[in-house]
Amino acid sequence: MRISDVDILPGETKNVTVNIARLPSHSPIEITITVSRALQEGPILLLMGGLHGDEINGIEIVRRMIEKGYHIVDRGTTICIPILNVYGFIHFSRYVPDGKDVNRSFPGNKNGSLAARVAYYLMKEIIPQIDYGVDFHTGGADRTNYPQVRCVMTQPKNAELAKAFYAPFSLHSPFRPKSLRWAAGKMGKKILVFEGGESARFDESAINHGIDGTLRLMKYLEMHSDPAPVPDFQNIKIKSSSWIRAKASGLFLTEVKSGEMVKRNQIIGYISDPFGEFKIAVRSSANGYIIGLNHNPIVHSGDAIVHIGVYKDPAPIAE
């Protein structure tokens with residue numbers, strides 16, 4: 001295997017440093033990639049965090065995978081990229097200098113903006129070599145996501161991978177144009193998106209779910225011979241979801257917790273005027289589960305405040 005003119009032979013583990021760009025200060029933007037190859041051939045799995053620079057739970061998941069040696073496999077190869085958006089990471093930002101979202105810039109352009117160059121490098125050097133991938137994310141803009149995997153569940157192989165990962169929720173999520181998953185899918189690559197926690201905050205539960213799910217996935221792919229973590233929860237498949245939006249500006253106080261089951265028309269919170277002029281009940285728009293929750297108490301009319309993973313009666317059967 002060759003990545004950026006560095007050869008990685010069977011049985012080797014190497015760090016590869018790739019220069020993507022240079023800032024006006026002459027500071028280099030470099031991506032560090034850890035590649036570990038087993039002596040025995042097998043699947044090539046990408047584990048990547050920090051596509052959005054402030055989503056540090058994903059960065060920590062990949063870091064711990066490396067620290068604990070989980071990336072060293074008995075069969076196949078792992079390609080670990082803890083931080084793809086280095087600029088966003090050091091500036092506590094989701095974006096790059098021009099305000100663009102790397103995950104809306106695929107397949108990229110070698111002569112484009114920093115976002116486009118990062119995307120182009122990934123599509124040129126990494127994605128063609130992999131078989132599968134897990135792209136680790138969190139909620140953004142003060143929103144937390146209950147641990148979940150997202151993929152096009154109507155594709156049987158994706159559904160198998162999601163079942164093997166076995167997060168608390170498996171969410172059917174169509175491709176979003178110009179995203180990594182969309183661009184990789186055009187090349188026939190299967191990538192799960194793991195969502196857990198919120199940006200700029202460590203969430204131990206989400207981190208542990210991400211690590212344990214990855215180990216279960218690697219066991220399913222026969223990359224590890226050791227037993228995989230046994231889940232102590234039931235996986236729920238979600239076919240559709242919808243956001244509840246604030247009907248007024250004010251202070252939002254939730255009455256539910258992330259991951260909780262709710263019924264249609266159930267009161268799940270209140271929006272109050274800070275000067276005591278009104279208090280509006282926020283009701284669930286459907287039967288479902290709280291898979292995303294806005295933790296910012298100050299909301300504006302139209303803001304997304306609660307994400308409902310929808311089910312139709314009867315409730316979906318846990319696996």
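Where does Tyr-166 lie? Tyr-166 sits in the loop between α4 (156–165) and β9, with helices (H or I, at least four residues) and strands (E, at least two) taken as DSSP runs and numbered from the N terminus. The model is a predicted one, so to speak: local features need pLDDT of at least 70, side-chain atom pairs count only at pLDDT 80 or more, and totals for chains, interfaces and linings use all residues. Residues are numbered from 1 along each chain as its sequence is written, and side-chain values use heavy atoms, with hydrogens and water left out.

Tyr-166 has a positive phi, near 60°, in a residue other than glycine. Its relative accessible area is 12%, so Tyr-166 is buried (buried is under 20% relative accessible area, exposed over 50%, partly exposed in between, with a 1.4 Å probe and protein chains only). Glu-222 also shows a positive phi without being glycine, near 65°. That residue is found in the loop between α6 and β11 (236–238), and counts as exposed because its relative accessibility is 54%. A cis peptide bond turns up between Phe-106 and Pro-107, with omega at about 10°; Pro-107 belongs to the loop between α2 and α3 (114–126).

Next comes helix α1. This helix covers residues 56–67, and its 12 residues should span 16 Å at 1.5 Å a residue, which agrees with the 16 Å between its end C-alpha atoms (the expected span is 1.5 Å times one less than the number of residues). Of those 12 residues, 9 are buried, so α1 is largely enclosed by the rest of the structure. Among the buried ones are Ile-56, Ile-59, Ile-61, Val-62 and Met-65, but also Asn-57, Glu-60 and Arg-64. They pack against β5 (40–48), β6 (75–81), α2 (86–90), β7 (132–139), β10 (190–198) and α6 (204–220), a contact being heavy atoms within 4.5 Å. Just after the helix, Gly-69 adopts a positive phi of about 80°.

Over in strand β4 (residues 28–37) is Thr-34, which counts as buried because its relative accessibility is 7%. Its side chain makes a polar contact of 2.7 Å with the side chain of Asn-15 (a pair of N or O atoms within 3.5 Å; within protein, one must be able to donate a hydrogen and the other to accept it, and residues adjacent in sequence count only if both atoms are side-chain atoms). Leaving out residues up to four places away in sequence, Thr-34 touches Thr-13, Lys-14, Asn-15, Ile-66, His-71, Thr-78, Ile-79 and Cys-80.

The structure has 1 cavity of 30 Å³ or more, and the largest cavity holds about 50 Å³. On a 1 Å grid over the protein atoms alone, a cavity is a set of points where a 1.4 Å probe fits but cannot get out, while a pocket is an open set with protein on both sides within 12 Å along at least five of seven lines; lining residues have an atom within 4 Å of a point. Grid points are joined across faces, edges and corners, and a volume is the space filled by probe spheres set on the points. α5 (180–186) and β10 each give at least two residues to the lining of the largest cavity, which includes Cys-151, Phe-175, Arg-181 and Lys-190. The largest pocket holds about 760 Å³. Of its 32 lining residues, Arg-94, Arg-104, Arg-150, Arg-176 and Glu-195 are the closest to its centre.
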